[in-house]
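Dear colleague,

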Amino acid sequence: MAAHQEWLPPHSWGGLGWGGRSLRRWALRLGLLLAAAVFVALWAYPLLGFLLSALFPQVLQGDLRATLAPLHHALQGYELYALFNSLWVALAVGLLALPLGLWLAWLRERTTLRGRGGIEAGVWLLLIFPDFFLASGWMLLAAPIGPLAAWPAALHAAQLLLGPVGIVLTLVLKVVPYVFLVAQGSLRHTSAAQQEAARVHGLSRLWRLRLALAALLPALAAGFAIAYAESLRNFAVVATLGASSGFTMGTYAIYQAVNGMPLNFPLAAATSWLLLGLVAPALILQHRVGQRASQSQTLGGKHRPAARVRLGRGQQLVQGAVLIALGAFALGLPTLAALGVAWPRAGWAQIGAALPPLLAAIGYSLQQALVAASITVCIALPVAWLIARPGRVGRLLDVALLAMMALPLIVLAAAYLQAYTQPYAPLYGGSLLLGMAYVALAVPATSRVLMGPVAQLHRSLADAARVHGLSRLQTLRHVHLPLLSGALFYSWLLAVLSIAFELPASELLYPAGHPPLAVALLQYAGGFQLHQQARLQVLGMAVLLAFALLARWVYARFTPLAWRQIGQH
Amino acid sequence: MTLLHIDAAHKRFGSTTALHAVSLQLQQGEILCLLGPSGSGKTTLLRLVAGLERLDGGSMRLGQTVVDAAGVPFLPPERRQLGMVFQDYALWPHLSALDNVALPLHRLGRAAARTQALAMLAEVGLADLAERHPHELSGGQQQRVALARALAVKPRLLLCDEPLSNLDAGLREDLRERIGAVVRAHGISALYITHDHREALALGDRVGVMHQGRLLQLCTPRELLRHPATDFVARFTGAYGPWPVTLRAGRLHAPWGDTAAPPHVAAQAEGRHQLYLRASALHLPHASVLAEPPRPADSSAPHWTAQARVLGRITVGEHAELRLDLHGVPLRLPVADDAAPAAGSTMPLRIGTAQALLFPAAQTKTTKEHAV
């Protein structure tokens, strides 16, 4: 120690000495232990216990006797029918969403359509609009007391939306943003030179179209895979539109197995395995195609985007009218239906009396979301960091994240229900368990959102800080966090909104007497309290939108301009 | 006094060995340049000195303190009292130039740190741009801010990781001189790595040449030019070649003829060798093509006269160079602005043997041109 202190100037470069080094080692060990405990509690224990129970029904009770009975049960009757429905709905959604998303991306990136910037705004609105809000809007539209009550023919047509048609339509609208974003990225990165070379060398229009489609193939494959996988994993739309019409899908079958009497976790687990078997190939395809697509991108210093197709006046009118009609159908109709049913016909006094339970549900969801999202970001950031670093740990984490994102949310929720109703882990019935589930559900997606910005942080920025005397903590505070502030804020906000609108875990794990927003909405829908349903939907969106705008204002007000301008030059 | 002592440094990345038992010492107040191509290990060595990587073998001492070695606690970078100028500047984009220089001085308090930082920026000529952010500065300005930041902390050793490689040619020379002047004015020791031999030879008190993880030679620039230890060192420091030659009975036989071997060559073993020549050994004797007036030739000094084939003429900045081929080896020699010999013609070339560099013959194929 004396040798170290020999050259250290007294007023700077001071270190912690031997005691400090020992403290750091213990802190590191404690940190690793905590990380392991979090991993086990949030994911490993509940998921392993649940998924293994398909083969070992009493595994959480310590009984390792194996049986294939749950799998046999899942492969016949109701569950098989539900899985079959999941498969054909997912394929139909994929096939319908693909041309729709491609058309929207083409309009946005390759035409001179006036107001085409609005396509992106509409797509983002669809993305953040909760899927069960859309479904709830259709239900209200088709309700006997809804806005179409005076037009029986229209009401009858709207009632077709309650069932598989409505489910497919709603899922198409929910997944089309993903297809749009993938296709848009591909169109942006494709250089004009390829088509120009085809024209100069005399290729016909048909051949040029074939070449363009070949260039887009990775994006199309990825788009289809995402649309297919998201449809298979969806629970909210099925729980809303399917339940009311008796149409069931795999995720709802899992829910019924763990929500009905008697509880049948092994059957739910077996059905989950079969559903995973349908989801996983799509996500693997999407991951592989995504990697290959980035290799074939031509973006560079000499990149020249393809010329836009000039639309004539007639085309502008037609395309614009179709776009507006689509927007009205997708967002306008459900919103207007909800507003129409929510309107206080009996006077504002009725609204006043009806508000408290609505505000309680929204308040509870927001409160849980704020806490869970904050914890989520604290876990997701180091996870994203580890994945961005080269090495075995990063690769393992990447695969684990991918596997968790493949998991339907209802599966994790069911796993929590089974794991934390055991005598040695009796957490069921409290907000803590629900919060844990929210965090477990949100971390994979939030980590992936943060991966990009973290990977873009050049190593030399931290190296420069450390060489010039800043400790790791100081480097985190003065260099990393400011540079990541935007990404952290928006990923936190996204987590808050997705948790506030979350349904599967909320439905299975909410504490008695404290239904979150989504659960309350379903309860009103199930009890035919359509006015309350509509009011909750409108109020929920309004409150959360106001919260998002307030949070954005606070972020802009209290962070230095330089932090927010990073990457914009 | 020895400031940096590296003893048999060994570093592996997976199955690749980046450094093979590299040893060197850097004295107080010295600028030591490490020269080598990409992948030679010079950046790895610099990062080891900075503490950004750890040794797999050997030891490293800063002053009297062992900072990295097996069985000894590793001293992290923030405790080594160093300054570093990075190839990509590594300025923190969310901080102004002044704050970039002041942040490492945060222990002094905000006011004192900013005062000291401003003084350092003034020294590199950027006081007027103190409030600008990195994206508002040119490449040269950013690198000067980086230099100010590295020097502001009063490091005992300055590390420079190819600081000029991202700058254009004119700016490079200007900044190289500025770096040398500022470093020497502050009496700071520096370890400077580069792949440009002109930079290393101009700046370094001593220059080390690295190749494939090994330190081939470490000496003064003059010694390096006169007595390169290997053919790689000769080639990498700008010598032309190789030409296959044979030393026999005191005479040196080259593809273009033979002459008496100078004493330093005659002392070598007879047999096949490789010949390298510096530009100073090559003369175009015709006055009409010379860029400068011809030097009086010492006819008693051993020399060759060879015929070189003209490939063309190129303009380099304000001057012209003639591209020649001397038995399969391309040369570039300065010529008068108005000299324009026809491509494909031949020109006599006087080759002085006093500066001939001879190395054992390599196991490479010789071309028809080289057959002796």
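This is a predicted model: local features need pLDDT of at least 70, side-chain atom pairs count only at pLDDT 80 or more; totals for chains, interfaces and linings use all residues.

The side chain of R184(B) meets that of D205(B) in a salt bridge, with 3.0 Å from N to O. This pair links distant parts of the chain, since R184(B) belongs to helix α5 (residues 169-185) of chain B while D205(B) sits in the loop between α6 (197-203) and β9 (206-211), 21 residues apart. D205(B) is also partly exposed, at a relative accessible area of 32%.

A second salt bridge, at 2.9 Å from N to O, brings together the side chains of D463(A) and R47(B). Because D463(A) is in helix α19 (residues 459-467) of chain A and R47(B) is in helix α1 (residues 42-50) of chain B, the pair joins two chains. D463(A) counts as buried at 8% relative accessibility, and R47(B), with a relative accessible area of 9%, is buried as well.

Within chain A, R233(A) forms a salt bridge with E230(A), and their closest N and O atoms are 2.9 Å apart. Both residues lie in helix α10 (residues 205-233), three residues apart, which is about one turn of the helix. Here R233(A) is buried, with a relative accessible area of 16%, whereas E230(A) counts as partly exposed at 25%.

Note on methods:
Residues are numbered from 1 along each chain as its sequence is written. Chains are lettered from A and ligands numbered from 1 in the order in which they are written. Side-chain values use heavy atoms; hydrogens and water are left out. A salt bridge is a side-chain nitrogen of Lys or Arg within 4 Å of a carboxyl oxygen of Asp or Glu. Helices (H or I, at least four residues) and strands (E, at least two) are DSSP runs, numbered from the N terminus. Buried means under 20% relative accessible area, exposed over 50%, partly exposed in between (1.4 Å probe, protein chains only).
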